[in-house]
Amino acid sequence: MSYDAAIKKAWDNVAEAHAGTEPVSVRFLSDEYSVDAAARRILSLSCNVPARDFVSILLLHYLTAKLRGLPQVEGEWVSFKELPGGESYYPAFRKRAIEPIIRKHGNDPESIFAALEKVSGSRVQQADAAITIQAFEGVPVLIEVWAGDDEFGPEANLLFDRSIRKIFCTEDIAVLAGFIGKHV
């Protein structure tokens with residue numbers, strides 16, 4: 001799948017919001033990226049390789065919002081189903097984002113705490129184990145994990161601060177959540 005049109009539009013939006021010529025640094029989960037708007041290049045600083053296209057789109061959409069002024073974190077958690085179009089896309093979202101967390105942490109919910117060694121965040125007293133992480137600066141995500149029992153299998157959930165809708169579209173949030181699901 002080609003992301004060329006989406007990437008071009010995202011770069012154009014960054015150019016409109018940013019008059020500077022120096023590269024900008026953006027932290028995404030456990031990695032830092034150098035975003036060079038003049039050269040239209042994004043490099044992972046941890047391994048000095050270009051960012052993958054879907055990561056580039058997330059970084060550029062985030063950077064555009066940041067340059068224009070990030071919204072205040074609202075302190076109200078919403079599920080993916082509560083986002084515009086989220087209900088109809090939820091089965092794919094669950095498969096992409098939640099099921100990897102269940103497979104990795106469902107039998108040992110407290111293993112989710114190890115993610116805090118790599119990603120900025122904190123423990124939360126919810127579910128059997130829960131953490132909030134900063135996917136990007138000002139973009140908190142709550143990850144909850146429940147162990148299974150005799151009646152039900154293990155379960156997990158991702159919740160987003162309501163302000164995320166002012167930064168990313170629902171499709172971007174699905175991509176972001178899928179990335180989180182694979183990397184926590």
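**View 1. Glu155 counts as partly exposed, at 28% relative accessibility.** Partly exposed here sits between buried, under 20% relative accessible area, and exposed, over 50%, using a 1.4 Å probe and protein chains only. A friendly note before you zoom in: this is a predicted model, in which local features need pLDDT of at least 70 and side-chain atom pairs count only at pLDDT 80 or more, while totals for chains, interfaces and linings use all residues. Residues are numbered from 1 along each chain as its sequence is written, and side-chain values use heavy atoms, leaving out hydrogens and water. The side chain of Glu155 meets that of Arg94 in a salt bridge, 2.8 Å from N to O; the term asks for a side-chain nitrogen of Lys or Arg within 4 Å of a carboxyl oxygen of Asp or Glu. Because Arg94 lies in helix H3 and Glu155 in strand S9, the pair ties together parts that are 61 residues apart in sequence. Helices (H or I, at least four residues) and strands (E, at least two) are DSSP runs, numbered from the N terminus.

**View 2. Arg94 also forms a salt bridge with Glu99.** The N to O distance for this pair is 3.9 Å. Arg94 is partly exposed, with a relative accessible area of 24%, and Glu99 is partly exposed too, at 28%.

**View 3. Glu32 and Arg27 join their side chains in a salt bridge.** Look for a separation of 3.2 Å, N to O. Glu32 has a relative accessible area of 27%, while Arg27 comes to 42%; both residues are partly exposed. The count of salt bridges is ten.

**View 4. Helix H3, residues 86-105, has a kink centred on Phe93.** The kink is about 50 degrees, where the bend at a residue is the angle between axes fitted to the seven residues ending there and the seven starting there. H3 spans only 24 Å between its end C-alpha atoms, whereas a straight helix of 20 residues would span 28 Å at 1.5 Å a residue. That expected span is 1.5 Å times one less than the number of residues. The buried residues of H3 include Tyr90, Phe93, Ile98 and Pro100. They pack against strand S8 (139-146), strand S9 (155-161) and helix H4 (170-183), with contact meaning heavy atoms within 4.5 Å. H3 lies across S8 and S9, running at about 125 degrees to S9. Axes are lines fitted to C-alpha atoms, for helices over the stretch in contact, and angles run from 0 to 180 degrees between N-to-C directions.

**View 5. Five strands form an open antiparallel sheet in the order S5-S9-S8-S7-S6.** Strand S5 (77-79) and strand S6 (121-124) are the edge strands, each pairing on one side only. Neighbouring strands of this sheet are turned by 30 degrees against each other on average, direction ignored. Two strands pair if DSSP finds at least two bridges between them; S6 and strand S7 (residues 129-136) are joined by four. Ser122 stands opposite Thr132 in S7.

**View 6. Helix H2, residues 53-68, reaches close to its expected length.** Among the buried residues of H2 are Val55, Ile57, Leu58, Tyr62 and Ala65. Just after H2, Gly69 takes a positive phi of about 115 degrees.
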